[in-house]
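Student: I am new to this one. Can you walk me through how to read it?

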Amino acid sequence: MHPMLNIAIRAARKAGNHIAKSYETPDNVQISQKGSNDFVTNVDREAEHFIIEIIRKSYPEHTIITEESGELLGKEDDIQWVIDPLDGTTNFTKRFPHFSVSIAVRVKGRTEVAVVYDPMRNELFSAVRGQGAQLNGYRLRGADARELDGAIVATGFPFKQKQHSVVFMNIMSKMFDSCADFRRTGSAALDLCYVAAGRVDAYYEIGLKPWDFLGGELIMREAGGIMTDFVGNHNYLASGNIVAGSPRIVKDILSVMREELSEALKR
């Protein structure tokens, strides 16, 4: 096993176990608001602490980038651990049992290792670049759907960027003419892993942060999928606008989007 994958798994499981235990004691969960429709809990911060602690013991000089603490610079900035300790905080606070821990390791700007852990189902998705993706140790291959017609598409509403809501709804309405159905579950990391597992055929969303999708991206790619921004390019790390799935389905979704995109969403 890749040594950094081993540490990532250990960190994700420890954080996930803490989240699962906290889920059973909701009276101990303290919720605060970071911004419009954006929440954080003491459990997010505690899970993040566990992850950082485990990484620091093995790799004290690596840089760590987290949703809650920001960038913790190390002497080796070429190696970055990008962490979302609780992807799906709103689900967690509402006791909707669908959320995950996401960890990605990037080396010189390229993701090499990824782990996404769903503690409620005890499902551990993982990948090492060039070595495929796994779910609890079993090899993953994405869905074999070759077109948007009849596909199940996952998404997330732009609740933090409601200025894009009209465009988003127009795209969804137009896409619904072809696809079978939509799923909106509240964890981008798990949505991408579900593409990798063939549970959904594609995924798109507006305005994500790198820690939301970098772990899931590598797992999805290693299962045979691709990811682009809304115009088919690779600027999604900056824009946060992503389309993921098989090459053919991504092409179909981009075709649907093309006439509906605002200038802001073409960047």
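Tutor: First, the ground rules. This is a predicted model, where local features need pLDDT of at least 70, side-chain atom pairs count only at pLDDT 80 or more, and totals for chains, interfaces and linings use all residues. Residues are numbered from 1 along each chain as its sequence is written, and side-chain values use heavy atoms, with hydrogens and water left out.

Student: How do strands make a sheet, and in what order do the 8 strands of the open sheet run?

Tutor: Strands of a sheet pair through backbone hydrogen bonds, either parallel or antiparallel. Two strands pair if DSSP finds at least two bridges between them. Strands (E, at least two residues) and helices (H or I, at least four) are DSSP runs, numbered from the N terminus. Here 8 strands form an open sheet in the order 4-3-5-6-7-8-9-10, with mixed pairing. Its edges are strand 4 (70–72) and strand 10 (138–139), each pairing on one side only.

Student: In which sense do strand 7 and strand 8 pair?

Tutor: Antiparallel, over 6 bridges; strand 7 covers residues 110–118 and strand 8 covers 123–128. Val 115 faces Ser 126 of strand 8.

Student: Which strands form the open sheet of 5?

Tutor: The order is 12-11-13-15-14, again with mixed pairing. Strand 12 (181–183) and strand 14 (226–228) are the edges.

Student: At what angle do the axes of helix 1 and helix 2 cross?

Tutor: Axes are lines fitted to C-alpha atoms, for helices over the stretch in contact, and angles run from 0 to 180 degrees between N-to-C directions. The axes of helix 1 and helix 2 (residues 42–58) cross at roughly 155° and come within 9 Å. Helix 1 is therefore roughly antiparallel to helix 2 (that term covers angles over 145 degrees). Contact means heavy atoms within 4.5 Å. Among the residues making this contact are Ile 7 and Ala 11 of helix 1, and Phe 50 and Ile 54 of helix 2.

Student: Is Gly 216 buried or exposed?

Tutor: Buried means under 20% relative accessible area, exposed over 50%, partly exposed in between (1.4 Å probe, protein chains only). Gly 216 is buried, because its relative accessibility is 0%. Gly 216 sits in helix 6. That helix spans residues 210–222 and lies across several strands, strand 7 among them, at about 100° to strand 7.

Student: What does Gly 216 touch beyond its neighbours within four places in sequence?

Tutor: Val 116, Ala 189, Leu 192 and Cys 193. The C-alpha atoms of Gly 216 and Cys 193 are 5.6 Å apart, though 23 residues separate them along the chain.

Terms used: Parallel < 35°, antiparallel > 145°, perpendicular 65-115°, else oblique.
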